[in-house]
Amino acid sequence: MAARIGFLAPIVVYLAAFFGYPLVANITMAMREYTAASFYTGEAPFVGLANYAAVLSDPVFGTAMANTAVFTAASLAFQFGIGLALAVFFQRHFPLNGVLRSLLLIPWLLPLVVSGTVWRWIFDQEYGVLNQTLLGLGVIDSAVPWLSSTAMALPSVTVANIWVGIPFNMVILYGGLQSIPAHLYEAAALDGAGPWQRFRHVTWPLLRPVSAVVLMLGLVYTLKVFDVIMVLTQGGPANATQTLTTWSYSLSFGELDFGLGAAVGNLLIIIALVFALFYLRGLRTFGASPARKGR
Amino acid sequence: MPTGHRTHRLRGSSALAAAGLLTLTTACGGGGGGEVTSLTAMDYNLAEPQNGTTKKMLQECGEQAGVEIEREALPRDQLMPQLLQGASQQELPDLMLIDNPDLPQVAATGALLPLDEAGFGTEGFYPSVLRVGTHDDTLYGIAPGVNGLALFTNTAVLDDAGVEPPRTWGELRDAAAELTRGDTKGFAFSAIGHEEGTWTFEPFLWSNGATLTELDSPEAVEALELWSDLVEEGSVSQSVVNWSQADVNDQFLGERAAMMINGSWQLPVLDEQDIDYDVVPLPVPEAGADPATPMGGEVWAIARNGGEREQKAVEVLQCLLSDDNMRQWAELNAYVPAKEDLARALAEENPQMAPFVESVPTARARTAELGEHYPDVSSAIADAIQQALAGSGTAKEALAQAQQSVPDA
């Protein structure tokens, strides 16, 4: 028994200190009027749910929610789709397969601030390589304000984030594909299944547990994306790329209203939790499915 | 407010180190009533040569006052959170250098020493400089030097086009259109979504007779329309909504913009490069109208850390603001000295500083109308500017929305 406690104690202490305490502190902070003066006086009057009411009735809230939803959904869909296509592609044997696959990892290895800065150059309205290329090819007549119009900024930022996320999806899905036994494909081929049918009836169902993990992790990463947006647009122009994460930051550290910032942070946690519950439920279903036995 | 905001990365570690140091030094230096032998100081002068000079000045002034000064320099956007954290443990640095619009936030906590009560001599200072250090009619902060905004013009480009530096809004519009050729835009300014954008806009707002408390007034709308028209006419790049003042300076240096609005602290940066430029006061709505620029620059403030520490800190501050140090500080940062006679002497010596010196007596404190509510309203104005410039609403709609963030008087 003592050994068991000794074994558990470090992780319990760690979780309590670095996860439990901040979480509880954030929840209580969101229920107080916590401003710059509160730090010195220690007085942060309890206001119940007033911070949430203020956040929910703020016009920026709707924008930030919609932006977060679009940004997350589009990022996930394209990262996963492109990552899966690349993973399937690299399953085939061809020269330079390994080299190309390693090169595709580069976006993942670069610090986000570096990739963000590079995308800032690419998207630059006047001198960016994207506009220069499109103008040169005659695709567009005049320079597109990728990052400086409220209509284009969110799609542009999302594209940059998709690029960042593709390698992660590809690597994990590629690993998942490797674990599918080759004889299943042979059997399917003998039964007369074409490439699409082999993908649809062999690859896809056997890849489902891996896909679920990739999507879940991707969701959590994307919900909390901060660096890419901060470097590219800082949530602007006019909140066009403001997500819950960047809004929480700007409320807390820009306007120094920590109560409001904490409330937005908590909303973000709740959203992530809802999806985590779906995932856990999904996992139970997979546990019962024959997919696991494939190994 | 000289520096940009894009230093988010290195923060964690330096903040931790700073917090550690701070606790350590106050623990040794403060203590129970004994002789005060050390003081702490905090600022965001991280760039050289300001970094070295700040350190040296603090050290020398500390020696004069018989104390050792432990100085901590942080990235700009880390300073306020760090100060607030210090305040929560009643451990503010004895001396802190704060960007002036942030001062009311700290002063409102009650943690700062009223300098007039402490017997601080303010003779010879510009009254306008003292106003930016004042909160609730009490002087809490004092600037060694101040900065402001002016119009920078590329002499060669203007001469080629036969354009004179504009003095009114009408002339500005014509000149900007005239100077826009090929890859070069006529004009550039920072319209980024935070204080840097707001403060660049304030001279236009104020000189047209608008106030920060009535953002939906016709005068305010007219000022913002000037900006959105410039973008719409193509004389100003729409990318200005993402440009900090440092980015604007780069555009000007790269001859991608023939004119720009920027602050005096860019003078040393420009002088390092091979570019001929001229500095003139910002254009006003009509000839003869009064210019009104916001006053920029940092103020020194002293924490209420107990009698003897406060007294030593006042001594150090008096030394930091001595004529010699003030002159050196101003030259190094390209700031205007806070004392009128020093500023006049500098303007005669260095004509490029003249427009900035000229603007000081009438320069306004950004927080005068709103006090500690200024950051909220500033951020709403920055949003409104972006809405009008990035094409999601008219100036009128954008400012009507911004008006909602103004607290009821």
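**Close-up views of a predicted two-chain model**

**View 1. Pairing of β9 and β10 in chain B of the predicted model.** Strand β9(B) and strand β10 (residues 257-263) of chain B are joined by three bridges and pair in the parallel sense. Within this pairing, Phe187(B) has Met259(B) of β10(B) as its bridge partner. Helix α7 (residues 169-179) of chain B packs on the sheet and touches β9 and β10 of chain B. The direction of this helix makes about 135 degrees with that of β9(B).

**View 2. The four-stranded sheet of chain B.** The strands follow the order β9-β10-β8-β11 (chain B) in an open sheet with mixed pairing. At its edges are β9 (185-188) and β11 (277-280) of chain B, each of which pairs on one side only. Direction ignored, neighbouring strands of the sheet are turned against each other by 20 degrees on average. Helix α10 (residues 245-253) of chain B lies across β8 (149-154), β9 and β10 of chain B.

**View 3. The five-stranded sheet of chain B.** This open sheet has the strand order β2-β1-β3-β12-β6 (chain B), and its pairing is mixed. The edge positions are taken by β2 (68-73) and β6 (141-142) of chain B; each has a single partner strand, so one side of each is left without a neighbour in the sheet. Strand β3 (residues 95-99) of chain B and strand β12 (residues 298-302) of chain B pair in the antiparallel sense over five bridges. Leu97(B) has Trp300(B) as its bridge partner in β12(B). Helix α12 (residues 307-320) of chain B lies across β1 (38-43), β2, β3 and β12 of chain B, and its course is at about 155 degrees to β12(B).

**View 4. Packing of helices α7 and α9 in chain A.** The axes of helix α7 (residues 112-123) of chain A and helix α9 (residues 153-178) of chain A come within 11 Å and cross at roughly 135 degrees. The two helices, α7(A) and α9(A), are therefore oblique to each other. Their crossing is right-handed. On the side of α7(A), the contact is made by Leu112(A), Ser115(A), Gly116(A), Trp119(A) and Phe123(A); α9(A) contributes Ser156(A), Ala160(A) and Val164(A). By class, the residues of this contact comprise five nonpolar, three polar and no charged.

**View 5. The fold of chain A.** Chain A contains 14 helices and zero strands. Its C-alpha atoms fill a box of roughly 75 × 75 × 30 Å, taken along the principal axes. Of the 295 residues in chain A, 36% are buried. Among contacts in chain A between residues at least 6 apart in sequence, 67% join residues at least 24 apart.

**View 6. The side of chain A that touches chain B.** Here 27 residues of chain A are in contact with 30 residues of chain B. On the side of chain A, the elements that give two or more residues are α2 (36-41) and α13 (244-254) of chain A. The largest share, five residues, comes from α2(A). This side of chain A has 13 nonpolar, 11 polar and three charged residues.

Conventions. Residues are numbered from 1 along each chain as its sequence is written. Chains are lettered from A and ligands numbered from 1 in the order in which they are written. This is a predicted model: local features need pLDDT of at least 70, side-chain atom pairs count only at pLDDT 80 or more; totals for chains, interfaces and linings use all residues. Two residues are in contact if their C-beta atoms, placed from the backbone, lie within 7 Å. Ala, Val, Leu, Ile, Met, Phe, Trp, Tyr, Cys and Pro count as nonpolar, Asp, Glu, Lys and Arg as charged, and the others, Gly among them, as polar. Axes are lines fitted to C-alpha atoms, for helices over the stretch in contact, and angles run from 0 to 180 degrees between N-to-C directions. Angles under 35 degrees count as roughly parallel, over 145 as roughly antiparallel, 65 to 115 as roughly perpendicular and the rest as oblique. A crossing is left-handed if the near helix is turned anticlockwise from the far one by less than a right angle, and right-handed if clockwise. A residue is buried if 20 or more other C-beta atoms lie within 10 Å of its own, exposed if 12 or fewer, and partly exposed in between; C-beta atoms are placed from the backbone. Two strands pair if DSSP finds at least two bridges between them.
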